[in-house]
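Open the model in your viewer and keep the selection tool at hand. The stops below say what to select and what is there.

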Amino acid sequence: MTGVQTCALPIFGVATALFKPLPDVQRKPHHLITTASADVALKGLAYLLEAVAKLRTERDVHLTIIGKPRAGASADLIESLGLRDCISYVSGVSDERIVELYAESTLAVVPSLYEGFSLPSVEAMATGICLVATTGGALPEVTGRDGDTVLSCPPGDAGALAAAIRRGLDDEQLRAKVGAAGRQRVVERWSWRYCASLTVDQYREVLAMPHNVEKLRRRIAKGNA
C-alpha cells in the first residue's frame with residue numbers, strides 16, 4: 001500500500017489483490033467517499049464540503065471522510081454549512097474495511113489543490129469505484145483522461161467539483177465504465193508486480209552505465225588474476 005523509493009525514481013504501488021472490487025457489496029445511492037488523512041488546505045476538503053452543500057439543495061447526499069476532523073478547520077465549516085447530518089468520519093480502521101467503504105459508496109472524490117502522486121486516488125481506482133478528481137499537480141498523470149478513467153475538474157472550484165460529482169451521480173453507465181477502466185489502469189501501472197518490474201529495469205539501467213560496467217570488468221579481472 002505504501003510507496004517505496006529506489007535510486008532517484010519514486011515507485012508507488014498498490015496491493016490490487018486487496019484493493020479490488022467487491023461485487024457482493026451493494027452501493028448506497030448518492031454516497032460519496034474521500035480521504036483526508038491530513039486535514040490541510042492543500043487537500044481541498046473545504047471545496048468538497050462546499051460542493052456537497054450545493055448538491056444538498058437538489059438531492060440527498062452523504063459524504064464519508066476517511067480521517068479525523070480538525071477543530072477550527074473542516075469541523076467548523078461542516079457546522080456553518082449545515083452538513084453535520086450528512087457527514088461521517090471514519091478513522092483507525094483496517095484496509096479491508098476501507099475497501100468495503102469504497103464498495104458501499106457511489107463515487108470516490110479527490111478534491112486536492114495539488115498532489116505529487118495521490119495514493120488515495122490509486123487505491124480508490126483499484127477498487128473499481130468511479131473516481132472524481134481535480135487536475136491539481138500530478139493528478140492527471142495518475143488518474144488519466146476525463147470521461148475515460150476519471151471524472152475531472154479544475155482544483156479550487158467548488159462549483160466545478162459539484163458539477164463533476166453530479167455528472168457521476170446521474171449516469172450509472174458512465175460510473176461503471178470509468179470505474180472498470182480506472183481499475184484496469186491501476187493494475188497495468190501501479191500493481192506491485194508492475195512496480196517490481198520497474199525496479200528491476202532501473203537497477204539494470206544503473207548497472208549498464210559505463211563506469212559500472214568498467215568497475216565490474218576490473219573486479220572480474222582481479223578475481224581471475
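**Pockets, sheet and a ring pair**

The lining of the second largest pocket is made up of eight nonpolar, three polar and three charged residues (nonpolar: Ala, Val, Leu, Ile, Met, Phe, Trp, Tyr, Cys and Pro; charged: Asp, Glu, Lys and Arg; polar: the others, Gly among them). This is a predicted model, in which local features need pLDDT of at least 70 and side-chain atom pairs count only at pLDDT 80 or more, while totals for chains, interfaces and linings use all residues. Residues are numbered from 1 along each chain as its sequence is written, and side-chain values use heavy atoms, with hydrogens and water left out.

Select R27, G128, I129, R175 and A176: of the 14 lining residues, these lie nearest the centre of the second largest pocket. A pocket here is an open set of points on a 1 Å grid over the protein atoms alone, where a 1.4 Å probe fits, with protein on both sides within 12 Å along at least five of seven lines; lining residues have an atom within 4 Å of a point. The space in this pocket is about 210 Å³, a volume being the space filled by probe spheres set on the points, which are joined across faces, edges and corners. Helix α7, residues 172-190, gives the most to the lining, with four residues (helices are DSSP runs of H or I, at least four residues, and strands runs of E, at least two, numbered from the N terminus).

Next, select T35, S37, L119, P120 and E123, the closest to the centre of the largest pocket among its 17 lining residues. The volume of the largest pocket is about 290 Å³. Nine nonpolar, four polar and four charged residues form its lining.

Now show the strands. Six of them form an open sheet with parallel pairing, in the order β5-β4-β3-β6-β7-β8; two strands pair if DSSP finds at least two bridges between them. β5 (87-90) and β8 (151-153) stand at the edges with a single partner strand each, so one side of each has no neighbour in the sheet. Zoom in on T134 and C153, which are bridge partners.

Finally, which rings form the aromatic pair, and how are their planes set? F117 and W190 have ring centres 5.8 Å apart and planes at 70°, so the pair is edge-to-face (rings of Phe, Tyr and Trp, its six-membered ring, pair with centres within 6.5 Å; planes under 30 degrees apart count as stacked, over 60 as edge-to-face and the rest as tilted). F117 is in the loop between β6 and α4 and W190 in helix α7, 73 residues apart.
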